[in-house]
Amino acid sequence: MAANVLLVTGHPRSDSLTSQLVRHAGERLTAQGHTVDLLDLTAEDFDPRMTPADEPDWADPDKEYSPEVRAHMRRVAAADAIVVVFPVWWFGLPALLKGWIDRVWNNGFAYGRKDPLLAGKHMLWLGLVAYRGEQFAKLGWEETLTRTLGTGISEYCGIKAENVSVRFVYDSLETGEKAFGVVDSALDDLTLTSV
């Protein structure tokens with residue numbers, strides 16, 4: 001069954017490997033009959049800075065956020081699956097993507113609800129890492145980043161653990177065509193059905 005997939009990225013260069021993998025993922029998902037909503041935070045000039053309008057109000061889970069954030073919330077809510085493709089910078093999400101999580105995955109929407117809105121969704125985080133896989137794991141960063149993205153964000157926001165996948169393209173400066181195989185494998189493992 002076809003699914004609605006929100007494909008999220010935010011690399012500043014359209015010729016980067018990250019951007020190439022996003023295009024590949026979008027083409028592959030579309031060819032499989034899925035509907036793809038490409039959310040390119042750079043191209044859409046998303047402002048990652050938190051403002052008072054979008055700061056969580058712990059006393060008011062029904063707070064109405066800014067129009068920009070509400071528009072992004074609608075796109076997240078409409079998705080059956082969310083696929084985020086990003087470069088790992090300073091052992092974490094790039095600031096643009098982190099700001100998107102901060103502003104959009106907000107109290108009363110992604111968390112702080114009795115009935116988690118994101119509970120039935122599937123989530124794939126696909127990070128590009130300059131380190132070789134063994135080195136990244138040995139340094140503890142694979143476990144740290146997997147826990148942050150899988151548990152700290154996805155599961156905290158109600159996505160079931162079995163519906164969350166964190167994958168990495170290792171040695172991203174040298175991997176070449178192998179990177180596309182990693183994307184294909186990650187998408188093959190992602191359960192895509194409409195909810």
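**Close-up views of a predicted model**

**View 1. The largest nonpolar core.** In this predicted model, the largest nonpolar core comprises 37 residues, and those with the most contacts inside it are Val8, Val76, Ile82, Trp100, Trp105 and Trp125. Two or more residues each come from strand 1 (4-9), helix 2 (67-78), strand 3 (81-87), helix 3 (95-104), strand 4 (122-128), helix 5 (141-155) and strand 5 (164-169), with helix 3 giving the most, namely five residues. Another core, which lies apart from this one, has 20 residues, among them Val22, Ala179, Phe180 and Val183.

**View 2. The surroundings of Val76.** Leaving aside residues up to four places away in sequence, Val76 touches Leu6, Ile82, Trp100, Val104, Trp105, Phe109, Leu118 and Lys121. Of these partners, Ile82, Trp100 and Trp105 are, like Val76 itself, listed among the residues with the most contacts inside the largest nonpolar core.

**View 3. The largest pocket.** The largest pocket holds about 290 Å³ of space and is lined by 17 residues, of which Pro87, Trp89, Leu128, Ser172 and Leu173 lie nearest its centre. Sorted by class, its lining consists of twelve nonpolar, four polar and one charged residues.

View 4. Most residues other than glycine have a negative phi.

Technical notes
Residues are numbered from 1 along each chain as its sequence is written. This is a predicted model: local features need pLDDT of at least 70, side-chain atom pairs count only at pLDDT 80 or more; totals for chains, interfaces and linings use all residues. Side-chain values use heavy atoms; hydrogens and water are left out. On a 1 Å grid over the protein atoms alone, a cavity is a set of points where a 1.4 Å probe fits but cannot get out, and a pocket is an open set with protein on both sides within 12 Å along at least five of seven lines; lining residues have an atom within 4 Å of a point. Grid points are joined across faces, edges and corners, and a volume is the space filled by probe spheres set on the points. Ala, Val, Leu, Ile, Met, Phe, Trp, Tyr, Cys and Pro count as nonpolar, Asp, Glu, Lys and Arg as charged, and the others, Gly among them, as polar. A nonpolar core is a set of buried Ala, Val, Leu, Ile, Met, Phe, Trp, Tyr and Cys residues joined through side-chain atoms within 4.5 Å. Buried means under 20% relative accessible area, exposed over 50%, partly exposed in between (1.4 Å probe, protein chains only). Helices (H or I, at least four residues) and strands (E, at least two) are DSSP runs, numbered from the N terminus. Contact means heavy atoms within 4.5 Å.
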